[in-house]
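Please read them with the structure open.

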Amino acid sequence: MNRRQRIILTVILAFSVLMAKTAMAKDIVIFNETDFEIHGVYMSSAEDKLWGANLLEDDVLRPGEGLRISVSGTPEDLDLALIDDEDQELALMELDFREFDSLTLFNDGTGRFD
């Protein structure tokens, strides 16, 4: 392989690694270990001023159930909002979805990232 071919190959590999880092897709599971229903799950980039669509649509996340969310693009600096059956909102800001695979919600308002 000549020098020019090695340079082209190096550039292609570097570009591939960069694209793999920025265009990552990952599934996250939200577990509802509370004793109340969750009626809304919203996600947006931390830079956005508005929430995205309700990921539950017309469904409800009941106690003991889980919801699988597919995060595509850059899975860092994302905000997540959860709305309960009394329209109270829990907002989790600037999450890095590269760091965990699941979020478990508890009655006392806390959560555990695994």
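1. I start with S44. In this predicted model, S44 makes contacts beyond its neighbours up to four places away in sequence, and these are with L50, W51, G52, L78 and D79. The residue belongs to strand 2. Is S44 buried or exposed? Its relative accessibility is 7%, and the cut-off for buried is under 20%, so S44 counts as buried.

2. E76 has D96 as its bridge partner in strand 5, and L80 stands opposite L92 of strand 5. The hairpin formed by strand 4 and strand 5 has four residues between the strands, and D87 in this hairpin takes a positive phi near 65 degrees.

3. L80 deserves a point of its own. Residues up to four places away in sequence aside, L80 touches I30, V41, Y42, M43, W51, L90, A91, L92, L95 and L103. Which residues touch the most other members of the largest nonpolar core? They are I30, V41, L80 and F97, out of 19 residues in that core. Two of these, I30 and V41, are also on the contact list of L80. Strand 1 (26-33), strand 2, strand 3, strand 4, strand 5 and strand 6 are the elements that give two or more residues to the core.

4. The other sheet to describe is open as well and has four strands, in the order 3-1-6-7, with mixed pairing. Its edge strands are strand 3 (66-71) and strand 7 (111-113), and each of them pairs on one side only. From one strand to the next, the twist averages 20 degrees.

5. How do strand 6 and strand 7 pair, and over how many bridges? The pairing is antiparallel, over three bridges. L103 has its bridge partner in strand 7, namely F113. L103 is also among the residues that L80 touches.

6. S102 lies in strand 6 (residues 102-106). Its relative accessible area is 10%, which is under the 20% cut-off, so S102 is buried. Apart from neighbours within four places in sequence, S102 is in contact with I28, V29, F31, R112, F113 and D114. F113, on this list, is also the bridge partner of L103.

7. Last, the largest pocket. About 200 Å³ of space lies in it. The lining has 14 residues, and F36, L82, D84, L90 and G109 are the closest to the centre of the pocket. Which strand gives the most to the lining? Strand 4 does, with three residues. At least two lining residues come from each of strand 4, strand 5 and strand 6. L90, one of the residues closest to the pocket centre, is also touched by L80.

Terms used. Residues are numbered from 1 along each chain as its sequence is written. This is a predicted model: local features need pLDDT of at least 70, side-chain atom pairs count only at pLDDT 80 or more; totals for chains, interfaces and linings use all residues. Side-chain values use heavy atoms; hydrogens and water are left out. Buried means under 20% relative accessible area, exposed over 50%, partly exposed in between (1.4 Å probe, protein chains only). Contact means heavy atoms within 4.5 Å. Two strands pair if DSSP finds at least two bridges between them. Axes are lines fitted to C-alpha atoms, for helices over the stretch in contact, and angles run from 0 to 180 degrees between N-to-C directions. A nonpolar core is a set of buried Ala, Val, Leu, Ile, Met, Phe, Trp, Tyr and Cys residues joined through side-chain atoms within 4.5 Å. On a 1 Å grid over the protein atoms alone, a cavity is a set of points where a 1.4 Å probe fits but cannot get out, and a pocket is an open set with protein on both sides within 12 Å along at least five of seven lines; lining residues have an atom within 4 Å of a point. Grid points are joined across faces, edges and corners, and a volume is the space filled by probe spheres set on the points.
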